[in-house]
Amino acid sequence: MFNIERWQEIFDTINKNKLRTFLTSLSVASGILILVILLGFSSGIENGVRTQFEQDATNRISVSTRVTTKGYKGLNPGRRLQMTNKDYENLNEKYKEQIEYKTSLYRSWGGQVNYKEKQGSYRIEGVFADQQWIENATLSQGRYISQSDIEESRKVGVIGYQMKEDLFPNTNPIGKTILLNNNINFIVVGVYTDPGGSREESRLFIPITTAQKVFNAGENIDRIAYTVKMSDNFDEAVALSAAMSESIDQDLRTKFSVAPDDRVAIRVDDTLEEAQKIYGLIDTIRAVFWFIGIGTIIAGVVGVGNIMLIVVKERTKEIGIRKALGALPSEIIWMVLQESIFITAIAGFVGLFIGVGILELVGPSIEMDFIKNPTVDFTTSITTVIILVVSGALAGFIPARRAANIKPIEALRDE
Amino acid sequence: MIEITDLHKSYITGNTSLHVLKGIDFSVKEGELVSIMGSSGSGKSTLLNILGMLDEADSGTYTLDNTPIKNLNEKIAAQYRNKFLGFIFQSFNLISYKNAIDNVALPLYYQKVGRKERDEKAMHYLEKVGLADWADHLPNQLSGGQKQRVAIARALASDPKVLLADEPTGALDTKTSYEVMDLIQGINEEGRTILVVTHEPDIAEMTKRIVNLKDGRIIDDRLVNQIKAKAHV
Ligand SMILES: Nc1ncnc2c1ncn2[C@@H]1O[C@H](COP(=O)(O)OP(=O)(O)O)[C@@H](O)[C@H]1O
Ligand SMILES: [Mg+2]
């Protein structure tokens, strides 16, 4: 394949047939261009969906109770179901093998928070230390709620980045005292950021024990959240997670005597199953885009193949001369194949670079809900290049065979 | 140099078979300059194509430079052509987008000769046919006689045992024909074996031996007193 003499021979031919080469290149270049743009947007959709979705840990199970909507075993609908610390501890014990992180939560929807003369209204959530991992929050300053904060019911809080911006625009919040609902002082120990953005970052996290005290909630909790241990096999993890959700649902229905079909009263949300669906969707989108892109390339390849066929026909006499002068059939095949691969590859690279260039220019400014920063990664580019060379070879194959079969006497017969 | 016995060749088109060569026995010694004469359709080109391994006989034997030529596949035929033979055609058959020197160098490319040596040799043969100054010209910038000279230079480039020329002067006027024949005689003087197919008696008289074909048979094979083309230029 790498034979400098042969390359020179091919450059000669290409050089002296510029228009033909240009026309051939055009179809391939546009095919690759379309493929690259499509793949870019497929990755953009993937980025967008992932960002939307991965605000919280994807292997999360979330348990909450509300009001019954159906009568069951002589009980009237409209009962309020209230989970307590006991329920949380029972579940922890029962599922300790499967649980990775765990927390219960007690929340107060509108809490007024003051720092000096600044103030704002935020969600207050009493949680365990593991909440940080379940929520996918990253600490940008200080520390998160700790185990001893919980044991000693300390009045400490971790504020979201949006709260910091609101209340401490020019000050380091760590160690500062904030006033909650005009009567309780908390010390800020940390600031977190959350992939979910400013809404998720407008919350104050405090130890659950403290929350239950200051809001006079006794042992009540609003929600329980777990993450499940992941096994290497995603499908297996999804199955385990689903089984555990189902089992927790059963436990609570038994405990609270809730009708099996009352979907409002008890909710156990299994994020992993959702994740599987969404990843499946992303895969489908990607597959569709590849399919369209490959289709475009096939059209390009057929185009190149056709042009090469015409070229071979046009060059019948020349190929006859070459054979009379001693060209081996294999040399004729290589001549056509190499020209085809070369043109396809060069044209493809041009398409690739233009496509990547457009994505680089336009990509960063695209920031819609479900499309984010469309780019083409290195692997994809390499794959495209391999596709190019292979398609060049495919496009050249039939014309090359035809060229090799040209009989010199027939080609050279004087009409 | 060339030895053929009882050579037969038929062309089958549809369901009619045309017996073109009907048992040719013929030999050529090294250094000969032979013309093959005959009217149009008598099988001259067919014979030359078989000698040139561009076509295969149906039966008979063919030996070239002590090498039996049989069971040719395309690859072997190509190698033999490249090694033993140089072709000169009536319509020149130069590659239109290659200049004179690149045309001459092409057989050397298929002999895997490096570019530099190729160009040197090609230039040498262009000088020999008197076209050194035209090396960079494309075929369509050359006259008919010049094109045929380039073709002769190309045929010589691979230093073949035998030159096969099919109506080399068929597309040229008389004066140019004689110039080309002068060149061919000169090459023969250097010892090279040459076969020329022609239907023009004056051209045949400029070779050393005339073989007459009629209806696929040799009806006459005689040595002649060669007429020097130079005298008529
Ligand atoms: N490939 C072919 N198929 C069928 N008939 C052919 C073919 N080549 C030559 N012929 C026929 O064979 C006969 C001899 O042809 P040719 O050798 O070219 O004659 P010449 O060169 O003496 O004019 C002619 O009648 C010609 O039509
Ligand atoms: Mg003829």
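How many residues does the contact take from chain A and from chain B? In this predicted model, chain A gives 26 residues to the contact and chain B gives 29 residues.

**The interface between the chains**

Together, chain A and chain B bury about 2500 Å², and 54% of this area lies on carbon and sulfur atoms. Two salt bridges are found across the interface of the two chains. One pairs Glu331(A) with Lys112(B), whose closest N and O atoms are 2.6 Å apart. Between chain A and chain B, eight residue pairs are in polar contact, with both residues at pLDDT 80 or more.

On the side of chain A that touches chain B, the elements giving two or more residues are helix 1 (4-15), helix 10 (316-324), helix 11 (329-362) and helix 13 (408-412) of chain A. Sorted by class, this side of chain A holds 13 charged, 10 nonpolar and three polar residues.

**The site of ligand 1**

Ligand 1 is surrounded by 13 residues, the closest being Arg413(A), Gly41(B), Lys44(B), Ser45(B) and Thr46(B). Why is the site of ligand 1 described as shared between chains? The site is shared because the residues that surround ligand 1 come from chains A and B.

| Residue | Atom of the residue | Distance to an oxygen atom of ligand 1 |
|---|---|---|
| Gly41(B) | backbone N or O atom | 2.8 Å |
| Gly43(B) | backbone N or O atom | 3.1 Å |
| Thr46(B) | polar side-chain atom | 2.5 Å |

On its own, ligand 1 has 560 Å² of accessible area, of which the protein covers 67%.

Three elements of chain B, namely strand 1 (2-13), strand 2 (16-28) and helix 1 (44-51), each supply at least two residues of the shell around ligand 1. Helix 1 of chain B contributes the largest share of that shell, with three residues. By class, the shell around ligand 1 consists of eight polar, three nonpolar and two charged residues.

Terms used
Residues numbered from 1 in each chain as written. Chains lettered and ligands numbered in written order. Predicted model: local features only at pLDDT ≥ 70, side-chain atom pairs only at ≥ 80, totals over all residues. Heavy atoms only, no water. Contact = heavy atoms within 4.5 Å. Buried area = accessible area lost by both parts, 1.4 Å probe. Salt bridge = Lys/Arg side-chain N within 4 Å of Asp/Glu carboxyl O. Polar contact = N/O pair within 3.5 Å; in protein donor to acceptor, adjacent residues only side chain to side chain. Helix = DSSP H or I, 4+ residues; strand = E, 2+ residues; numbered from the N terminus. Nonpolar A, V, L, I, M, F, W, Y, C, P; charged D, E, K, R; others polar. Near = heavy atom within 4 Å. Areas by Shrake-Rupley, 256 points an atom, 1.4 Å probe, with all protein chains shown as cover.
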